[in-house]
Amino acid sequence: MPLPAPHESELRALERRYVSWSQTGPLRLRYLKIMGVNALRDGEPRRSLLVQSLAEDARQITDDELGLLLTSEWRARLTAAWLIGLDHRTQFRDRIGSLLRDGPLMKAGAGYSLALARFGQHSDAALLATCLERRLSMPEPFYEQHFVIGALLYLDERLGTDHARDMVRRSWRQPVTGQEVRERFRGYVKQLCAFADECMLRTSGEPE
């Protein structure tokens, strides 16, 4: 049996360390905890364990390790996007935007949207709008559009812009989610960003 390439061995180790397991407490299959809005659903003490482990890993993981996780399958990319967003690694902005616009999404698109929402700049809103323009003009279903539109609405609220309304008014090759769903997902993104703030503030030593 051929031995795995060095980067493959490193990638598997990173997936075990950051995607499947946590060093803090019995948090198996971490990617399930951060998939969609699952991070908002845990009560104590699991919530505190998740908060602590995410913050510690977001600060500890290196840029090279994050970059390698972004080359893997959706679970690893979802986790990497969360850690990038938590620690405001804005050096990944363009790569996250490219993955959101052109890459395979599956369930990772929610993580990309969260990261850009956390960065919180006009350039991040532009990347979300560019993603919508590309994905909604394609015939294939765009299942992640709820989170992308929700993140864009969240940034519109923060930045005083109106990108999302301009996007959804246009004609597309596939249906755009309705206003009630859009607003619900704006609320989800807002809650997830508040959860991310909680993660980083609670473990930073700063007063709450």
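Student: How much space lies in the largest pocket?

Tutor: This is a predicted model. Among the residues lining the largest pocket are Leu 153, Asp 156, Arg 165 and Glu 183. The space in this pocket is about 230 Å³.

Student: Which helix gives the most to the lining of the largest pocket?

Tutor: Helix 9 (145–159), helix 10 (163–168) and helix 11 (179–202) each supply at least two residues of that lining. The lining divides by class into three nonpolar, two polar and six charged residues. With four residues, the helix that gives the most is helix 11.

Student: How many nonpolar residues are in the lining of the second largest pocket?

Tutor: About 190 Å³ of space lies in the second largest pocket. Its lining includes Leu 105, Met 106, Arg 135, Phe 142 and Gln 174. Besides one polar and three charged residues, the number of nonpolar residues is six.

Student: Is Leu 132 buried or exposed?

Tutor: Leu 132 sits in helix 8 (residues 122–136). Beyond its neighbours within four places in sequence, Leu 132 is in contact with residues including Phe 142, Ile 149 and Trp 172. Buried means under 20% relative accessible area. Leu 132 has a relative accessible area of 1%, so this residue is buried.

Student: Where is Pro 45 found?

Tutor: The peptide bond from Glu 44 to Pro 45 is cis, with omega near 5°. Most peptide bonds are trans. Pro 45 lies between helix 2 (30–33) and helix 3 (46–60), in the loop.

Student: What is phi of His 88 near?

Tutor: His 88 is in the loop between helix 5 (74–86) and helix 6 (93–102). Most residues other than glycine have a negative phi. His 88 has a positive phi, near 50°.

Methods:
Residues are numbered from 1 along each chain as its sequence is written. This is a predicted model: local features need pLDDT of at least 70, side-chain atom pairs count only at pLDDT 80 or more; totals for chains, interfaces and linings use all residues. Side-chain values use heavy atoms; hydrogens and water are left out. Buried means under 20% relative accessible area, exposed over 50%, partly exposed in between (1.4 Å probe, protein chains only). Contact means heavy atoms within 4.5 Å. On a 1 Å grid over the protein atoms alone, a cavity is a set of points where a 1.4 Å probe fits but cannot get out, and a pocket is an open set with protein on both sides within 12 Å along at least five of seven lines; lining residues have an atom within 4 Å of a point. Grid points are joined across faces, edges and corners, and a volume is the space filled by probe spheres set on the points. Ala, Val, Leu, Ile, Met, Phe, Trp, Tyr, Cys and Pro count as nonpolar, Asp, Glu, Lys and Arg as charged, and the others, Gly among them, as polar.
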